[in-house]
Amino acid sequence: LLLSFAGMVQKLDQKLPVANEYLLLSGGVREGVVDIDLDELNVYARGTDYDMDFTLLVPALKLHDRNQPVTLDMRHSALCHSWLSLRLFDEGTISKWKDCCTIVDHINGATNYFFSPTKVADWFYDSISIVLSEIQKKPQRGMPKVEKVEKNGTIISIILGVGSSRMLYDIVPVVSFKGWPAVAQSWLMENHFWDGKITEEEVISGFYLVPACSYKGKKDNEWRLSFARSEVQLKKCISSSLMQAYQACKAIIIKLLSRPKAISPYHLRSMMLWACDRLPANYLAQEDYAAHFLLGLIDDLQHCLVNKMCPNYFIPQCNMLEHLSEETVMLHARKLSSVRSDPAEHLRTAIEHVKAANRLTLELQRRGSTTSIPSPQSDGGDTNQPDDRLAKKLQQLVTENPGKSISVFINPDDVTRPHFRIDDKFF
């Protein structure tokens, strides 16, 4: 259905690239899958609102023809952020996207169009709303039920009912680049834990601008650099025991440090990557050290809070905690001290939350199977079985292809038949 959305949105005004390349990530924006920390995000709960969550990065613009490091206009922005002038693109692109830009007139009479993350998000949400309205007018057999569509700042959140499962998609309009940003070039000169395990070409194959500004930035103009494509490649080089510790620590901090909002799972993941660079590889490879690694991550997070310092892994000169007040960091540091004194108890609490969410999901699915009401977008036929297979297949697709990009060609005149590939495998 999401591929159909993309094809129909492209057909509305031909703004999106016809042959586009999406990155599908397991986990939603609220799970810290990408470096976006928006105050406007509505709270959704697993079990109550959804059963599985994904993030879909949808390029509105692509700049894929450059072999040298990409230089961005960072004169007006905080570190890790940039404005994007459409001067980098051809006249046809400028003409298409003028209405989604802020305009700056120069003294010499020239006009510069800056791609606006807020206006792009508004356009994308309006376009999806039009498409959904058309779909609801002409329901098709087996079409998933659209249970919720909301704009959360610059993110569009859609919850689909697929059989007895509810799938949350956080759709993020992005700008996609091949290559590597010049501001992160020095990072490549350092030694890293992934050296010799994966190639540099895999790590620096591309990056994104995501619609999120800095705390003092101009929301209408400022984008944040995202290295999501690189991060999922680096995860291949992290031991299973360390990943277990990370997931456990993430579950704890999501509950404990949610108010006031200051620390996200993205901060924790950055600390984990720094730890991989700092610690001996043979120590990190120990299969039975998950408990040690959990304590280490808690200690690293405590250290970052006390010092109000968490460098971005790819652009270390960017301190991701710089904006926090002393009061906030000390409040979270005290909370973490209670975790450190009895980590087993906090972990048990986090596990119980997960179990409760799973029980709620199963109960809702059981009720749905016994008192199902035909969706207005279905013909009332028994579609639960194949739809459940679709949901499980999608989860399997993401799990079995970590870090791989999904390229999709959609014919806007026949959105029912997308042709897509995962890296070099065609489906």
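Colleague: Is Glu363 buried, partly exposed or exposed?

Modeller: Glu363 is partly exposed, with a relative accessible area of 26%. Buried means under 20% relative accessible area, exposed over 50%, and partly exposed in between, using a 1.4 Å probe and protein chains only. This is a predicted model, where local features need pLDDT of at least 70 and side-chain atom pairs count only at pLDDT 80 or more, while totals for chains, interfaces and linings use all residues. Residues are numbered from 1 along each chain as its sequence is written, and side-chain values use heavy atoms, with hydrogens and water left out.

Colleague: Where does Glu363 lie?

Modeller: In helix 11, residues 343–370. Helices (H or I, at least four residues) and strands (E, at least two) are DSSP runs, numbered from the N terminus.

Colleague: What about Ser26 and Met52, how far apart are they?

Modeller: They are 26 residues apart in sequence and 8.4 Å apart in space, C-alpha to C-alpha. Ser26 is in strand 1 and is partly exposed, at a relative accessible area of 41%.

Colleague: Change of topic. How many helices and strands are in the chain?

Modeller: The chain has 12 helices and 13 strands. It has 427 residues, of which 50% count as buried.

Colleague: What share of the contacts comes from residues 24 or more positions apart?

Modeller: Among contacts with a separation of 6 or more, 72% are between residues 24 or more positions apart. Contact means heavy atoms within 4.5 Å.

Colleague: What is the mean pLDDT?

Modeller: The mean over the chain is 80, and 78% of the residues reach 70 or more. pLDDT is the predictor's confidence in each residue, from 0 to 100.

Colleague: Where is confidence lowest, and where highest?

Modeller: Lowest in strand 13 (residues 425–426), at a mean of 46, and highest in strand 10 (residues 223–226), at 96. Over residues 418–427 the pLDDT is below 50, and this stretch has 29 contacts in the model beyond near neighbours in sequence. Residues 405–413 also stay under 50, with 43 contacts beyond four places in sequence.

Colleague: On to packing. At what angle do helix 6 and helix 9 cross?

Modeller: At roughly 50°, with the axes of helix 6 (residues 240–256) and helix 9 (residues 290–307) coming within 8 Å. Axes are lines fitted to C-alpha atoms, for helices over the stretch in contact, and angles run from 0 to 180 degrees between N-to-C directions. That makes helix 6 oblique to helix 9. Angles under 35 degrees count as roughly parallel, over 145 as roughly antiparallel, 65 to 115 as roughly perpendicular and the rest as oblique.

Colleague: How do helix 9 and helix 10 run relative to each other?

Modeller: They are roughly antiparallel. Their axes cross at roughly 160° and come within 9 Å, helix 10 being residues 326–341. Among the residues in contact are Asp299 and Leu305 of helix 9 and His332 and Arg340 of helix 10. By class there are 9 nonpolar, 3 polar and 2 charged.

Colleague: And at what angle does helix 7 cross helix 9?

Modeller: Roughly 110°, with the axis of helix 7 (residues 265–278) coming within 10 Å of that of helix 9. Helix 7 is therefore roughly perpendicular to helix 9. The contact includes Met271 and Arg278 of helix 7 and Asp300 and Cys304 of helix 9.

Colleague: Last one, backbone. What is phi of Cys80?

Modeller: About 75°, a positive value although Cys80 is not a glycine. Most residues other than glycine have a negative phi. Cys80 sits in the loop between strand 2 (52–63) and strand 3 (81–82) and counts as buried, at 3% relative accessibility.

Definitions and conventions: Nonpolar A, V, L, I, M, F, W, Y, C, P; charged D, E, K, R; others polar.
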